[in-house]
Amino acid sequence: MAAGPKQNPTLRQVAEHAGVSVTTASLVLNRKGEISENTRANVLRAMAELNYTPRGERSNADSDASDAQNAVRFLKIVRHGQTLNRDHNVFISDYIDGMSYEATRRDYSLQVVSHEAVDVASIIDEISKSDLRGIVALGTELSDEDIHLINDCGVPNVIIDTYRPFVDGNFIDMDNEQLVHLALAHLASNGFRRIGLVSSYSEVNNFKLRHEAYMRAMNAHGLEIEEENILSVCATIEEAYADSIKQLSNIKKLSDAYFCANDVIAFGFIRALRELGYSVPGDISVVGFDNLPMASMFDPPLTSLNVPKQRIGAMAIRFLDDLIVANEKQPPVKVLLSGDLVIRKSVKLAD
């Protein structure tokens, strides 16, 4: 029986052999950072003793075999496409950039697979039969049932872009509570007392969390919540515009400012305001969420909450690696990352 291809040691094994961190081993490998000569020599000695070959220098056969044995997968699962569409592709790309960087540092091969109109149970069935070391799932449009299927799949997993406080799983999400409070604090500090909300009826848990955070932030700032100025629209530009036109026409007195659940909604909402004869920010100020590249080029440039997307992606791989190498079951990890407010010209500032 012919022997299979010899498995190349991982960078983690090199680091452990040299008694250093994976980060240090990666810096030595890539000739970066201020590493002492003694440490550098130890890492190089470990590489030689373990016959470690960097991925770029392996033969195609060896590389393919090693990658297959050390692969992690990012699952982009589109359930309804109201948020996971071309308007948000750059947002997802930032997640992938962060994951790719961290996966390379930790000697994993990152696979990116997109599923549309596919039953999650069938996705999990395919994964359970594979040699994947772990998965990162994009939870944006996932239902509670989908989340449970992924958590129970038997493969180390981390779910990003959603948060379930009462579910026994690993989640990394933006801190919606902190970010929404930041937006409303900015509006309140500029004299706005009547602040409306443009949320979404799309089945996205982050929209629900932002709606709830808006209600708490309004109470925290002593601001009155006007139910007629809480809109619920679709999360695509065209449909957000169409829904906003209909709902704005039925409001007796519009708020002086609105917080939108994401930038895409804000773009459609501002278009509707203009069509109805309102100036932004002259008559009404608007704040978005996500800080998409288009926000800086929009007219007017959109004030928006910035999310550390690449850091979320990188952190997902770090946590996944911890789960993969652990010798025993690990307690669930739930992390919320803060962000900041990028101030542009869609908000009328106090004199």
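**Pocket and cavity**

Tutor: The largest pocket holds about 460 Å³ of space. Its lining has 19 residues, and N151, N157, N170, K329 and Q330 sit closest to the centre. A pocket here is an open set of points on a 1 Å grid over the protein atoms alone, with protein on both sides within 12 Å along at least five of seven lines, while a cavity is a set where a 1.4 Å probe fits but cannot get out; lining residues have an atom within 4 Å of a point. Points are joined across faces, edges and corners, and the volume is the space filled by probe spheres set on them.

Bear in mind that this is a predicted model: local features need pLDDT of at least 70, side-chain atom pairs count only at pLDDT 80 or more, and totals for chains, interfaces and linings use all residues. Residues are numbered from 1 along each chain as its sequence is written, and side-chain values use heavy atoms, with hydrogens and water left out.

By type, the pocket lining splits into 7 nonpolar, 8 polar and 4 charged residues. Ala, Val, Leu, Ile, Met, Phe, Trp, Tyr, Cys and Pro count as nonpolar, Asp, Glu, Lys and Arg as charged, and the others, Gly among them, as polar.

Around it are 14 lining residues, with H88, F91, T140, D161 and D290 nearest the centre.
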